[in-house]
Amino acid sequence: MGTIIFDGEGPFEPLYARNPAVEPTLDGVELVLNVYVAEQDAETVPVRIRLEPEDARNLAGQIGPRAMTVDQWRKS
């Protein structure tokens, strides 16, 4: 398993991810984000984040409304 290292002082640049996926596991809900690591080659690496079921439910309830807000901002 690889290591994510943030160098320097925060706040850090945002990470850009595509094609998210979610899988249930015995250890929790696994969120998989394919994060860009090389701008020129458009390489991605999968980043796996395990969430407790309660945290996954809370996050799921926040994502939809936040996405709608971004859509509205982009339209105006």
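This briefing covers salt bridges, surface patches and selected strand residues. The model is predicted. Two salt bridges are counted. Glu30, Arg48 and Arg50 are linked in a network of salt bridges. The surface carries a patch of negative charge and a nonpolar patch.

**Salt-bridge network**

- Side chains of opposite charge can pair when their charged atoms come close.
- Glutamate 30 and arginine 48 meet through their side chains in a salt bridge, at 3.1 Å from N to O. Glutamate 30 sits in strand β2 and arginine 48 in strand β3 (residues 43-51), so this pair ties together parts that are 18 residues apart in sequence.
- Glutamate 30 also forms a salt bridge with arginine 50, and here the closest N and O atoms are 3.3 Å apart. This pair links distant parts of the chain, with arginine 50 in strand β3 and glutamate 30 in strand β2, 20 residues apart.
- Glutamate 30 counts as buried because its relative accessibility is 9%, and the cut-off for buried is under 20%.
- Arginine 48 is exposed, at 53% relative accessibility. Arginine 50 is exposed too, at 52%. The cut-off for exposed is over 50%.

**Negative patch**

- Asp27, Glu52, Glu54 and Asp55 gather on the surface as a patch of negative charge.
- Aspartate 27 lies in the loop between β1 (17-25) and β2 (28-38).
- Aspartate 27 has a relative accessible area of 54%, so it counts as exposed.
- Patch members need over 30% relative accessible area and no salt bridge.

**Nonpolar patch**

- Ile4, Phe6, Phe12 and Leu15 form a nonpolar patch on the surface. Together they have about 420 Å² of accessible area.
- Leucine 15, one of these residues, lies in the segment before β1.
- Leucine 15 is exposed, with 55% relative accessibility.

**Strand β1: alanine 17**

- Alanine 17 is in strand β1.
- Its relative accessibility is 37%, so alanine 17 counts as partly exposed.
- Leaving aside residues up to four places away in sequence, alanine 17 touches Leu33, Asn34 and Val35.
- The C-alpha atoms of alanine 17 and proline 46 are separated by 9.0 Å. These two residues are 29 residues apart along the chain.

**Strand β1: asparagine 19**

- Asparagine 19 is also placed in strand β1.
- Most residues other than glycine have a negative phi.
- Phi of asparagine 19 is near 50°, a positive value in a residue other than glycine.
- Asparagine 19 is exposed, at 59% relative accessibility.

**Strand β1: valine 22**

- Valine 22 has its place in strand β1.
- Valine 22 is exposed, with a relative accessible area of 52%.
- Not counting residues up to four places away in sequence, valine 22 touches Val29, Glu30 and Leu31.
- Valine 22 and threonine 44 are 22 residues apart along the chain, and their C-alpha atoms are separated by 17 Å.

Technical notes
Residues numbered from 1 in each chain as written. Predicted model: local features only at pLDDT ≥ 70, side-chain atom pairs only at ≥ 80, totals over all residues. Heavy atoms only, no water. Patch = residues over 30% accessible without salt bridge, like charges linked within 9 Å, V, L, I, M, F, W, Y side chains within 5 Å. Areas by Shrake-Rupley, 256 points an atom, 1.4 Å probe, with all protein chains shown as cover. Salt bridge = Lys/Arg side-chain N within 4 Å of Asp/Glu carboxyl O. Lys, Arg positive; Asp, Glu negative; His and termini not counted. Charge placed at Lys NZ, Arg CZ, Asp CG, Glu CD. Helix = DSSP H or I, 4+ residues; strand = E, 2+ residues; numbered from the N terminus. Buried < 20%, exposed > 50% of the residue type's maximum accessible area, 1.4 Å probe, protein only. Contact = heavy atoms within 4.5 Å.
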